[in-house]
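This report goes through one protein model part by part. Please keep the sequence and the structure in view while reading.

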Amino acid sequence: MAAVAWGRCLPRVWLRRRAGPGCGRHYRAALCAELKQPLAIEEVASRPVRPHEVRVDVHFCGVNFADILVCRGQYQEKPQLPFTPGMEFSGTVLETGTDVSTVKEGDRVIGVSGFNGMAEECIIDHKTLWQIPEGVPLREAATLPVSYVTAILALEHRACTRPGETVLVTAAAGATGLAVIDVATNVLQAKVIAAAGSDEKCRLAMRKGAQSIVNYSQGSLKEAVRKLVGSDGVNVVIDAVGGDVFLEALHSLAWEGRIVVVGFAGGTIASVPANLLLLKNVSAMGLYWGRYKEQNFPIFSRILSSALQYCQQGCIQPHIGAVFKLEELWQRLRKICYVASEEK
């Protein structure tokens, strides 16, 4: 279950393209030609942009847990082989289609690409590009679409977190967990209890702003939270682990508390004890990042714009675990897999 451990154990890593001309007849891309097999870096022929599309010179692309799952055939979306992973990227506009007026050549943008961002260039619908404000570096901007939009959707839109409330976040040292800590602490002025599976990860969460930490590999999460906040419990839980961790977090909720499920990095999907929802008047809800882009794009776009604004204002400080070049991708992913397996 090494693929599951990647999501819990490690923060996001980042992919950097080589320097070179923006547009040519061919560009390099990471291709998944067979599931559960190494990615290949190959030359791909450029195609013309359609009227509503934009060609972007990709500078940075996030490497997310979902990218690893989709290359193993374990993600809910299953693109047709061969495909290029990569759900989010930042770069500069090279070319625009005839119907595009929202961006122009040379603009700095971030994009939400589905699965085709791990390449030197990307052609994308102009509606899924956002201009990067002045003062926000391309590298930091590339961290925002997945983890920070998930964090803001979970905390603000789903849980309606209020200043002064206590938020418990599991898998706190992962990309989404660190983003939740950042947004809850520095934007919403909430108090954060960060729960993770090792002392090292707990220390990272504390450095990111968590007020308290819990290492759930050393005992009961519920009892540890009780020692921190007493019998009243926490107001909000953002859970990315599932299984027993989810159940213990659910039992840690206060009266009218809210728990938001954002993933199952632990590999087990727990059943919700409905009697607990009734007795404590708590709410259990889910958050699937990708569905908002399809089902409620105005909210998705507004929250991504908010993330860019928070970053420009210095309210949030995205954590970047590592940066590496396109040609180093498979070697680095194999190393990440090995480390995650050892830490599991």
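Which residues does Glu140 touch, not counting residues up to four places away in sequence?

## Glu140 and its surroundings

The model is a predicted one. In it, Glu140 touches Pro318 and Ile320, when residues up to four places away in sequence are not counted. Glu140 itself is part of helix H3, which covers residues 138-141.

Is Glu140 buried or exposed? Its relative accessibility is 16%. Buried means under 20% relative accessible area, so Glu140 counts as buried.

## The six-stranded sheet

An open sheet is built from 6 strands. Their order is S11-S10-S9-S12-S13-S14, and the pairing is parallel. At the edges are strand S11 (212-215) and strand S14 (283-286), each of which pairs on one side only. On average, neighbouring strands of this sheet are turned by 15° against each other, with direction ignored. In general, strands of a sheet pair through backbone hydrogen bonds, and they do this either parallel or antiparallel.

Two of the pairings can be followed in detail. S9 and S10 run parallel and are joined by 4 bridges. Here Val169 stands opposite Ala194 in S10. Strand S13 (residues 253-261) and S14 also run parallel, and 4 bridges join them. In this pair, Ile259 stands opposite Ala284 in S14.

How many of the 6 residues of S10 are buried? The count is 5, so S10 is largely enclosed by the rest of the structure.

## The nonpolar cores

The largest nonpolar core of the model has 81 residues. Ile181, Val183 and Ile238 have the most contacts inside this core. Helix H4 (residues 144-158) gives the most to the core, with 9 residues.

Leaving aside neighbours within four places in sequence, Ile181 is in contact with Val169, Ala172, Asn186, Val192, Ala194, Ala205, Lys208, Gly209 and Ala210. Another core, of 21 residues, lies apart from the largest one. Among its residues are Ala195, Val234, Val241 and Val245.

## Where H4 meets H11

At what angle do H4 and helix H11 (residues 297-313) pack? The angle is about 105°, and the axes are 9 Å apart. Angles of 65 to 115 degrees count as roughly perpendicular, and H4 and H11 are therefore roughly perpendicular to each other.

From H4, the contact is made by Leu144, Pro145, Tyr148, Val149, Ile152, Leu153, Glu156 and His157. From H11, the residues are Ile299, Phe300, Ile303, Leu304, Ala307, Leu308, Tyr310 and Cys311. The residues of this contact divide into 14 nonpolar, 1 polar and 1 charged.

## Glu95 in strand S5

Glu95 lies in strand S5, which covers residues 88-96. The relative accessible area of Glu95 is 31%, and this residue is partly exposed.

Not counting residues up to four places away in sequence, Glu95 touches Val49, Val54 and Arg55. Glu95 and Glu105 are 10 residues apart along the chain, and their C-alpha atoms are separated by 5.7 Å.

## Backbone details

The peptide bond from Leu81 to Pro82 is cis, with omega near -10°. Pro82 is found in the loop between helix H2 (65-71) and S5.

Which values of phi do Ala171 and Glu256 have? Ala171 has a positive phi of about 50°, although this residue is not a glycine. Ala171 sits in the loop between S9 and H5 and is buried, with a relative accessible area of 5%. For Glu256, phi is near 60°, again a positive value in a residue other than glycine. Glu256 is placed in strand S13 and counts as partly exposed at 47% relative accessibility.

Definitions and conventions: Residues are numbered from 1 along each chain as its sequence is written. This is a predicted model: local features need pLDDT of at least 70, side-chain atom pairs count only at pLDDT 80 or more; totals for chains, interfaces and linings use all residues. Side-chain values use heavy atoms; hydrogens and water are left out. Two strands pair if DSSP finds at least two bridges between them. Helices (H or I, at least four residues) and strands (E, at least two) are DSSP runs, numbered from the N terminus. Axes are lines fitted to C-alpha atoms, for helices over the stretch in contact, and angles run from 0 to 180 degrees between N-to-C directions. A nonpolar core is a set of buried Ala, Val, Leu, Ile, Met, Phe, Trp, Tyr and Cys residues joined through side-chain atoms within 4.5 Å. Buried means under 20% relative accessible area, exposed over 50%, partly exposed in between (1.4 Å probe, protein chains only). Contact means heavy atoms within 4.5 Å. Angles under 35 degrees count as roughly parallel, over 145 as roughly antiparallel, 65 to 115 as roughly perpendicular and the rest as oblique. Ala, Val, Leu, Ile, Met, Phe, Trp, Tyr, Cys and Pro count as nonpolar, Asp, Glu, Lys and Arg as charged, and the others, Gly among them, as polar.
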